[in-house]
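Me: Please take a close look at the aromatic pairs here. Which rings meet, and where do they sit?

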Amino acid sequence: MAYELYYWDGIQGRGEFVRLALEEVRADYLDVTRDGQGMQRMLDYMRGRHGYDHMPFAPPFLRDGDIVVSHVANILHYLGPKLGLVPKDEKSRILAHGLQLTITDFVAEVHDTHHPISTDDYYEDQKDEAKARSRAFLKHRVPKFMGYFDRVIGANPAKGGHAVGGGLSYVDLSLFQLAEGLGYAFPRAMENFAKDYPHVAKVRDMVRQRPNIEAYLTSKRRLAFNESGIFRHYPELDQDPA
């Protein structure tokens, strides 16, 4: 039975972190809301029409038979062993899950650069606050998070250039998405990304060249970054971090 991925249509968003894992192994999956009736199916789950244990708060969520898993880090923690995208030992799986949760924290901060006051208000209604938030984000938060991920990769005793263990994991795929998203949203500020975060940049380049990922990136399944997603390019927010 194919996995069913539920997420808003038209944007990469948080669902993209799950898509990359599924695409890397060419898993059989259905991106449900791209079907004409998919949005209603997703809303039925969220409204509890399939029972309390099938009632996620928000997408993305994944259905695997009778199991529904919500939240990106939780989904990848579930899928990782099944897809061979995490080492088998428990210590490594817990490490990978912790790194993914840290990625989740960072993604929330990325979102808040363009919606620092309220997600219910338009970006245009909070531009001044967004400029201030983006300035602080680029100066303090990007170095804090990306510097951390860079150190983790560099300290990995396997010395293979990966975040966890000696091979590709879902964490590497997610770091690729972070690096790509930052480059789209803040091209000027990220001009020296490879110099500032060389280990993360090498992961980004390595993932981009993997055959299944390369095929996915050039397919119609890969939605383009746009100004409705998490990573948004507003020139006025792409400031020098200093």
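Reply: Tyr234 is buried, at a relative accessible area of 12% (buried means under 20%, exposed over 50% and partly exposed in between, with a 1.4 Å probe and protein chains only). Tyr123 also counts as buried, at 3% relative accessibility.

The model is predicted, so local features need pLDDT of at least 70 and side-chain atom pairs pLDDT 80 or more, while totals for chains, interfaces and linings use all residues. Residues are numbered from 1 along each chain as its sequence is written, and side-chain values use heavy atoms, leaving out hydrogens and water.

The count of aromatic pairs is 11, where rings of Phe, Tyr and Trp (its six-membered ring) pair if their centres lie within 6.5 Å, and planes under 30 degrees apart are stacked, over 60 edge-to-face and the rest tilted. One of them joins Tyr6 and Phe61, which are stacked at 4.7 Å centre to centre with 10° between the planes. Tyr6 belongs to strand 1 (residues 3-6) and Phe61 to strand 3 (residues 61-64), so this pair links distant parts of the chain, 55 residues apart (strands are DSSP runs of E, at least two residues, and helices runs of H or I, at least four, numbered from the N terminus). Tyr6 is buried at 0% relative accessible area, and Phe61 is buried at 0% too.

The rings of Tyr123 and Tyr234 are likewise stacked, because their centres are 3.9 Å apart and their planes at 0°. Tyr123 lies in the loop between helix 4 (90-114) and helix 5 (127-155), and Tyr234 in the segment after helix 9 (211-217), so the pair ties together parts 111 residues apart in sequence.

Elsewhere, Phe106, Phe137, Phe145 and Phe186 are linked into a cluster by ring pairs.
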